[in-house]
Amino acid sequence: MDELHEQTINLLNFQTMPTSVFDVQVAFNMIDRYGPESTHTVEATERRICNHLRRLLGTHAAMPAVVLLQTPVFHAYTFSIYIELDKSVSTGDFAQALAGEHVQVARTPEDSPSNVNVAGRDEILVAVRADAMHANGIWLWAAVDNLRLAALTAADCATALAGVRPHGKVQ
């Protein structure tokens, strides 16, 4: 985060950008890999996400194809997901099934998910649209405030652990 911030400031001031973390310009740049001297790789993060997703899905759903891109935003995760169903389902019915405690479906184009309009919000904002070429295909465009998501997840974990905490004297 610090290097992205410094690169942004230096770029706008026509100064040399630091590259000690990413070994490439990430400010105002969309890339699929970092520079060769970077200590981090997009591929390693992509594998970690896929491993987490595989554990979450288990045998309940097929593993989707995943590709990760580095985009220059300070707060938020945004992602696009294609889902192909066994049969055609209206986007309204699909959106209604998706909406829930932590998911808010965008109802108008002005509410479409972005890193700007999810800042400070607890919910994942999702837009649902039909695929233009496949009757059974649905696209999701979603965004979530990454800082709030991490804080809410930590609070949920702490609450769950407090409920199973041993009471009384521990030997």
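Analyst: Happy to! Let's start with a term: rings of Phe, Tyr and Trp (its six-membered ring) pair if their centres lie within 6.5 Å, and the pair is called stacked if the planes are under 30 degrees apart, edge-to-face if over 60, and tilted for the rest. Before we use it, note that this is a predicted model, where local features need pLDDT of at least 70, side-chain atom pairs count only at pLDDT 80 or more, and totals for chains, interfaces and linings use all residues. Residues are numbered from 1 along each chain as its sequence is written, and side-chain values use heavy atoms, with hydrogens and water left out.

User: Got it. How many aromatic pairs are there?

Analyst: There are two aromatic pairs in the structure. In one of them, phenylalanine 22 and tyrosine 34 sit 4.9 Å apart, centre to centre, with 50° between the planes, and the pair is tilted. Phenylalanine 22 and tyrosine 34 both lie in the loop between α1 and α2, so their pair ties together parts that are 12 residues apart in sequence. Helices like these are DSSP runs of H or I with at least four residues, strands are runs of E with at least two, and both are numbered from the N terminus.

User: Are phenylalanine 22 and tyrosine 34 buried or exposed?

Analyst: Both phenylalanine 22 and tyrosine 34 are buried. Buried means under 20% relative accessible area, exposed means over 50%, and partly exposed is in between (1.4 Å probe, protein chains only).

User: And the pair with tyrosine 82 and tryptophan 139, what is its geometry?

Analyst: The ring centres of tyrosine 82 and tryptophan 139 are 4.9 Å apart and their planes are at 50°, so this pair is tilted. It links distant parts of the chain, 57 residues apart: tyrosine 82 is in strand β1 and tryptophan 139 is in strand β4 (residues 137-144). Tyrosine 82 counts as partly exposed because its relative accessibility is 28%, and tryptophan 139 is partly exposed at 28% too.

User: New topic. How many salt bridges does it hold?

Analyst: Three. A salt bridge here is a side-chain nitrogen of Lys or Arg within 4 Å of a carboxyl oxygen of Asp or Glu. Glutamate 43 forms one with arginine 33, and their closest N and O atoms are 3.1 Å apart. That pair joins distant parts of the chain, 10 residues apart, with glutamate 43 in helix α2 (residues 42-57) and arginine 33 in the loop between α1 (2-12) and α2. Glutamate 43 is partly exposed, at 29%, and so is arginine 33, at 47%.

User: What about arginine 148 and aspartate 122?

Analyst: Their side chains meet in a salt bridge, 2.3 Å from N to O. Arginine 148 lies in helix α4 and aspartate 122 in the loop between β2 (103-105) and β3 (124-130), so the pair ties together parts that are 26 residues apart in sequence. Arginine 148 has a relative accessible area of 35%, which means that it is partly exposed. There is also a salt bridge between glutamate 123 and arginine 121, whose closest N and O atoms are 3.6 Å apart.

User: Okay, cysteines next. How many disulfides does the structure hold?

Analyst: Zero, if a disulfide is a pair of cysteine sulfur atoms within 2.5 Å. In general, a disulfide is a covalent bond between the sulfur atoms of two cysteines. Cysteine 50 counts as buried, at 16% relative accessibility, whereas cysteine 157 is partly exposed at 42%.

User: Can we look at glutamine 7? Where does it lie?

Analyst: Glutamine 7 lies in helix α1. It counts as buried because its relative accessibility is 0%. Leaving aside neighbours within four places in sequence, glutamine 7 is in contact (heavy atoms within 4.5 Å) with residues including Met17, Pro18 and Val24. Other buried residues in α1 include Glu3, Leu4 and Thr8.

User: Nice. What comes after α1?

Analyst: Phenylalanine 14 follows α1, and its phi is positive, near 55°.

User: Last one: which residues make the nonpolar surface patch?

Analyst: Tyr77, Phe79, Ile81 and Leu149 make it, and the patch covers about 320 Å². Patches are made of residues with over 30% relative accessible area and no salt bridge, joining like charges within 9 Å and nonpolar side chains (Val, Leu, Ile, Met, Phe, Trp, Tyr) within 5 Å. The areas come from the Shrake-Rupley method with a 1.4 Å probe, and for residues only the protein chains shown count as cover. Strand β1 (residues 77-84) gives the most to this patch, with three residues, while leucine 149 lies in helix α4 (residues 146-164).
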